[in-house]
Amino acid sequence: MDFPSPLSGDLVAALVFPGVLGIFGFLVVAIWLERKLVARVQWRYGPLYVSRPLGGLLQPVADLFKLVFSELVLPRHTNRLLFAATPILLFFAEGLPVVFIAAAPGVVMAPHSYGLAIAVVLVLLVAVLMVAMAWTEADKFTYIGAMREILLTAAYEVPLLLAALAMFLLYGTADPHKVVEVQSGLWGVLLNPLAFVVYLVALLMATTRFPFEIPEAEPEVVLGPYTEYGSTLFIYAFGANYVKLYVLSLLGAVLFLGGWLPAAGVLGVLITLAKMGVFVLPAMLVRAIYPRYRIDQALRIGWGQLLALSAAAVLWSLLAAWIW
Amino acid sequence: MKTLVSQAVSRLARWGTKWSLWPPHLVTACCGVEVGHLFGSAYDAERFGMLPMGSLRQSNILIIEGTITLKMAKFVKYIYEQMPEPKYVVAMGACAIKGGVFYGSYHMVPAAKVLPVHAYVSGCPPTPEAVLKAVTKVQEQIAHAEN
Amino acid sequence: MITHLKLFTTAVKQLFQPPLTVRWPEERRNYGDRMRGFIVNDRSKCISCQLCEAVCPAKAIKFHLEADGRRYPGIDWGRCILCGYCVDACPTGSLQHVNNTEIVWTDLDVYKKPSEMDPDDAAPLPATKSLI
Amino acid sequence: MQKTEWPFNLEVGRTFFVQSEEELRGGGRGLTLVVGPQHPGSGHMRLFVVVDGDIIVDVVPDPGFVHRGVEKLAENRPYWTLIPLVEKASIMDSMNITYPLILALEKALGLEPPPRAKYLRVLMAELSRVRTHLYDLALLGVFLGHTTAFMWGFALMDMYAEVFAKIAGARTTIAYPVPGGVRRDVKPDHVEAVKRLLEVTRRKLKDFKTLFLDNPVTKARLEGVGIVDAKKTAELGVVGPFARASGIDYDVRKVHPYDAYGDVDFEVVVEKDGDAWARTLVRWREMYESMSIVEQVLKALPEGDVIDQALLFKNPEYRREGVGGVLGVYTYIYPEPGEYLAVAEATRGATLVHLWATGLQRVHRMRFVTPSWRNLRAMVEAMKGGRLADMPAVYMSFGYFPPEADR
């Protein structure tokens, strides 16, 4: 243990990284970075005047305060308790897999020998809450958004599971520490590039980034599942998406990029953070590059090419493990 | 102590609202073209924290883009009522103030008869600079509001 | 795969270009000297011919008797569409556009009599940036 | 407001207008979505979209949200004030949309613009055509979810707006032509600005093409979507680039050349497929055609006046440097009684103006037929049978602009 005794690893993990502070810091920085990056690709500045010296970094904070202090509208025709509860549940459920992922040796809330596998399953289970949220809103556009979310989930969850499975088969373990230890020679992305590609595309689908931003397609279904939410509930509902991106990129960094290697301790945490950027930056940039697919085209990709690729990745892993 | 806290909270809320004015997507007439320019690269209203939102529940500034016809007036009213407090209105274009070139038309109504308006912009259509100035005027009104 | 790479490189290439945005309060667009903005009246040139009132497509101009015993045009900014017909029709060139289009009001009192024709913010603005 | 009576004996697809959602046929299998007037996927209009699963079964448009009564207002106004009134129908295309009115008024007043004015009109008309096509492409981009296409399109449009402001004095509603000429002459630095503008447009459109048109996702979204074949196009009376996308080779500029269009050399862009992709491609290629027309006009720009001598003769002291400030003259010339008809090719198709003049300065009646209105029916037909996600793609591939349709 590299940390002094009052700061035990699980406490650091819970409070700083990858826990509470990490998630909320990521929310602010990611939203700002996304708007800034997209703006620069589009020949403009993006958020600027709210905090001129910081380049508009306080913009998400201002949005947050505005949303918190604006009026909360609870539609009369909905189940109000569920209407208010589901986004909050969704937000925390999206963050739950973090409990099982290590950011540095010992910096993990609940060490478990199947930690990463549990995390993957938790990520996939959360889609149910998303659909429940859309359903409680009782709006035609949210129904369609929920249907699209279900279909898209069905399209990405099998490839995502298979990609993770391929890596677990390759490493022979699902313990975050051992997974990283195995990668001390070669990183997972080099051992099984197919699985990495599948994981990247499935990440875009899971976080409904472009070109798979289909459930909340603005011109068709307004904001999809988030249509009826305003005020604080909107922060939870919309922030959940970014939490999912955070979780999946953390998982990806550990699974494919060797986690905190080659360092440990505080430096290891920073290295993990930097490696998350490999997943986060493309996910931000695609907003400026792609239009969105139709749902049938996305399903064809998910059940066609992506599934074939992920099956090939599993076979590759089996072969590699057998030869090893 | 209590007043100090409430003052601080009010200042924070006003600061947040000032820098985060999100208009809903409502196009009432042809000034929508200049609003497009306003959010386009050349003027980039996002510098001021404006972000076009699809849904009414998150938005707090309504830009009346030109003429309000009688058919549209009903919906403008609905939309204004559905937006959460606090909300602000900018009436854009001569049509929205007194009718502009369409004065005396049988199918239009000035914006002030439908909604309370915080800033009026003249011109047909007004340039994006003028709309940005109106937005800064609304921001001033927010910043100097009494609790 | 190559197409997608090309897309990404095209996007990343833009990151290294300066933004095209006119940062409005600090910089102002240079629209040239013909830009139709605020309309001001030079009383020494005005011959009260009322031609501007006659050609106005929006009937935004009305003549008012002023203290010096003559009639001068007042403009209703709730009707003026800045088409510039009155400026074009003016035989003496007393009506002129100012290169300032930022015509913003906070109340409905937008009818300006001849004596109030030149509000403080009708001054010409510095034009600094040009996109073309 | 008295509510109009809905013919309940008719089925939804048989009629064209509905007042509210409740008036649609009940008990069907479909789910009725009300798209608009406040909806990111609608402009200033409303669409009642009946979907069965993801397939659009029926679309009933509800236009009229921007109906401001241009034709009625035209009846009690002097003829020269109709130009700013008519151009509000399509403000970024203001030069083209006022063109037929100008031509009709010139017939009525017996005026003939000098050659330089004719060339300047064509110059502005073609610049405005490029700009409107950019506008439609930008909105097509954002309707497909491609915000960069929107931003880049509007950035390019802003350059056109600046050139318009430099030449004519306003960003969008330029009110540039008057009966018998144009209001402002073009100076050498304006010619330079236009040349620079074309060069910048060509350069920037390359990146635009790479990121938007060559994007595999865009292609997947547009190809084979919203097909209207040539026969149906003719039956539904589609005009402009949307008819040319279905293989109908008709362009007013070629068939009845007005002003300087007879002197310039250009090709009528035609595509065969009739789907959303073809409609996008036609407009993309037309932009390049327009730019080449502008170059030809700049090369062949004749010297001389920009206002008819007859007008200048009536009141020579109105003439000012670079400015055709003759508007006062119109207050004492009167149109000949009679009926005058003029057609011009606006960006979205043929526009028609029919004037009844009675010898007074106020025209008796003006009929104003705009292209968007004529394309509405085909747009609705093209949406049927597609998927819900195709609705915005088809909508903007027809470049439907509600103020132009509703007038």
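1. In this predicted model, Arg171(D) and Glu34(B) form a salt bridge whose closest N and O atoms lie 3.0 Å apart, the term meaning a side-chain nitrogen of Lys or Arg within 4 Å of a carboxyl oxygen of Asp or Glu. Between chain B and chain D the count is two salt bridges, and helix H2 (32-39) and helix H3 (70-82) of chain B each supply at least two residues of the side that touches chain D; helices here are DSSP runs (H or I, at least four residues), numbered from the N terminus.

2. The contact (heavy atoms within 4.5 Å) takes 36 residues from chain B and 38 residues from chain D. About 3200 Å² is buried between the two chains, 65% of it on carbon and sulfur atoms, where buried area is the accessible area (1.4 Å probe) that two parts lose on being put together, summed over both.

3. Elsewhere, Leu64(A), Val68(A), Phe69(A), Met1(B), Val5(B), Val9(B) and Leu12(B) make a nonpolar surface patch of about 600 Å², patches being built from residues with over 30% relative accessible area and no salt bridge, with nonpolar side chains (Val, Leu, Ile, Met, Phe, Trp, Tyr) joined within 5 Å and like charges within 9 Å. Helix H3 (59-69) of chain A and helix H1 (2-18) of chain B are the elements that give two or more residues to the nonpolar patch.

4. Val5(B), found in helix H1 of chain B, is partly exposed with a relative accessible area of 44%, that class lying between buried (under 20%) and exposed (over 50%), with a 1.4 Å probe and protein chains only.

5. Residues are numbered from 1 along each chain as its sequence is written, and chains are lettered from A in the order in which they are written. Local features need pLDDT of at least 70 and side-chain atom pairs count only at pLDDT 80 or more, while totals for chains, interfaces and linings use all residues, and side-chain values use heavy atoms, with hydrogens and water left out.

Key
Accessible areas come from the Shrake-Rupley method with a 1.4 Å probe; for residues, only the protein chains shown count as cover.
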